[in-house]
Amino acid sequence: ELEKTKRISVSAVIFLLVIVIGLLTFRRPKHVFSTDAKTTLNELLTADPIITSSGLKAMDTASYVMVDVRSAYEYNKGHLPGASNIAHNEVLNDDNVRFFKNLTADNKVAVLYGENPNWALGTWMTLYQLGYTNPKILAIETQYNDKIFIAKDVQIEKPDLDYGKTLDSLKTKKQIPVAEPVKVIQKKEAPKVVVPVEKKKKSAPEGGC
């Protein structure tokens with residue numbers, strides 16, 4: 001019994017040591033999102049982070065920094081004058097995080113662009129969820145023609161109505177019938193009636209003469 005008690009005590013001590021070591025060696029993630037995806041999407045729909053070339057020209061050049069989110073290879077082939085290169089898959093590197101923190105501290109806008117606005121959208125969402133509320137997406141698409149870098153404006157059309165909100169309002173007003181789950185009624189099959197069939201008696205064999 002004493003030996004059993006010793007074993008339990010040793011196991012408990014080892015278990016506690018494992019927990020303490022785990023807590024001491026636990027590393028908190030470097031980057032934690034301060035904004036959830038729902039809030040980010042709502043910001044994307046309501047605040048409209050898209051900026052056009054004409055809107056960019058109206059801004060003071062000291063108030064923003066151009067950021068090319070394409071790969072270094074594409075950037076070196078050609079880019080907008082004065083643009084820094086931070087590829088979309090390298091946004092969370094320490095130097096790049098420091099870069100965006102400094103922009104936020106200086107109250108400068110990071111104007112992102114890539115092959116098209118959708119290309120820069122992922123970078124914008126990452127930065128916004130990390131707490132950098134000043135990035136913008138430049139509405140251009142980039143391409144090459146005879147090895148010459150070309151940036152063209154992209155016309156982004158917006159729907160006149162928010163169809164999601166419109167449908168929700170109509171449902172609340174009961175103007176659109178909401179489908180109810182269909183109940184499936186299983187039919188009970190009637191039991192089969194077995195009619196007994198009388199077997200005919202075989203006639204007695206006739207004897208020969």
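Asp68 is buried, with a relative accessible area of 0%, where buried denotes under 20% relative accessible area, exposed over 50% and partly exposed the range in between (1.4 Å probe, protein chains only). The model is predicted, so that local features need pLDDT of at least 70 and side-chain atom pairs count only at pLDDT 80 or more, while totals for chains, interfaces and linings use all residues. Residues are numbered from 1 along each chain as its sequence is written, and side-chain values use heavy atoms, with hydrogens and water left out.

Across the whole structure, a search finds 2 salt bridges, a salt bridge being a side-chain nitrogen of Lys or Arg within 4 Å of a carboxyl oxygen of Asp or Glu. In one of them, the side chain of Asp68 meets that of Arg70 at 2.8 Å, N to O; Arg70 is likewise buried, with a relative accessible area of 1%.

A salt bridge also joins the side chains of Asp95 and Arg98, at 2.9 Å, N to O. These residues are 3 apart in helix H5 (residues 94-105), and Arg98 and Asp95 are therefore separated by about one helical turn; helices (H or I, at least four residues) are DSSP runs, numbered from the N terminus. Asp95 is exposed, with a relative accessible area of 57%, whereas Arg98 is partly exposed, at 45%.

Ser53 belongs to helix H3, which spans residues 53-57, and is buried, with a relative accessible area of 19%. When neighbours within four places in sequence are left aside, Ser53 is in contact with Leu138, Ile140 and Asp153, contact meaning heavy atoms within 4.5 Å.

Key: Helices (H or I, at least four residues) and strands (E, at least two) are DSSP runs, numbered from the N terminus.
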